[in-house]
Amino acid sequence: ITGSQSFFLEHIGFTLSNAGALNATMWTLCTVLAVVASWTADVGLGRYYTILASALLYVTGAAVAALAAIPGKENANWYFFAVMGLLPLATAGIKANISNFGADQYDESDPA
């Protein structure tokens, strides 16, 4: 995704270094927001519903980004809303909870 995102940002007028900086910012948001997603799962929704909400948010963000990048109809505002808002929140929700959710499936009292 890094190369395609940089290519798209260059296509709408960003320099290569600015495109790279925005890409790095997106991945930083994904990592930092994992703390918020962990708290949401622990205090609010629980792991299952946090992962479910994050998955739905991820599908929505990917669809918005894809629609905003249609050649000839590019819309930078919608693209940035999806890539810098929806996708980092969704990624953080899944990243922070999926391995713990998997670990919850094991029963320690079952020797098999």
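This is a predicted model: local features need pLDDT of at least 70, side-chain atom pairs count only at pLDDT 80 or more; totals for chains, interfaces and linings use all residues.
User: Thanks! How many helices and strands does the protein chain have, and in what order do the elements run?

Analyst: The secondary structure comes to four helices and zero strands. Reading from the N terminus on, the order of the elements is therefore written with helix symbols alone, given that helices and strands are DSSP runs. That order is α-α-α-α.

User: Is Thr50 buried or exposed?

Analyst: The relative accessible area of Thr50 is 5%. Buried means under 20%, so Thr50 is buried.

User: Which residues is Thr50 in contact with, leaving aside its neighbours within four places in sequence?

Analyst: One of them is Thr40, which is ten residues from Thr50 in sequence and 7.2 Å away in space, C-alpha to C-alpha. With the sequence neighbours within four places left aside, the contacts of Thr50 are Ala37, Thr40, Ala41, Leu45, Gly93 and Asn97.

User: Nice. Are helices α2 and α3 parallel or oblique to each other?

Analyst: Let's take the geometry step by step. Helix α2 covers residues 16–45 and helix α3 covers residues 47–68; their axes come within 8 Å and cross at roughly 130 degrees. That angle makes α2 and α3 oblique.

User: Is the crossing of α2 and α3 left-handed or right-handed, and which classes of residue make up the contact?

Analyst: On the α2 side, Ala37, Thr40, Ala41, Asp42 and Leu45 meet Arg47, Tyr49 and Thr50 of α3. By class, this contact has four nonpolar, two polar and two charged residues. As for handedness, the crossing of α2 and α3 is right-handed.

User: Which elements give two or more residues to the largest nonpolar core?

Analyst: The largest nonpolar core has twelve residues, including Leu22, Met26, Val64, Ala68, Val83 and Leu87. The elements giving two or more residues to this core are α2, α3 and α4 (76–103).

User: Which residues does Thr91 touch, not counting those up to four places away in sequence?

Analyst: Thr91 is found in helix α4. With a relative accessible area of 14%, Thr91 is buried. Not counting residues up to four places away in sequence, Thr91 touches Trp27, Cys30 and Tyr58.

User: Last one: what share of the residues in the protein chain is buried?

Analyst: The protein chain has 112 residues, and the buried share of them is 28%.

Note on methods. Residues are numbered from 1 along each chain as its sequence is written. Side-chain values use heavy atoms; hydrogens and water are left out. Axes are lines fitted to C-alpha atoms, for helices over the stretch in contact, and angles run from 0 to 180 degrees between N-to-C directions. Angles under 35 degrees count as roughly parallel, over 145 as roughly antiparallel, 65 to 115 as roughly perpendicular and the rest as oblique. A crossing is left-handed if the near helix is turned anticlockwise from the far one by less than a right angle, and right-handed if clockwise. Contact means heavy atoms within 4.5 Å. Ala, Val, Leu, Ile, Met, Phe, Trp, Tyr, Cys and Pro count as nonpolar, Asp, Glu, Lys and Arg as charged, and the others, Gly among them, as polar. A nonpolar core is a set of buried Ala, Val, Leu, Ile, Met, Phe, Trp, Tyr and Cys residues joined through side-chain atoms within 4.5 Å. Buried means under 20% relative accessible area, exposed over 50%, partly exposed in between (1.4 Å probe, protein chains only).
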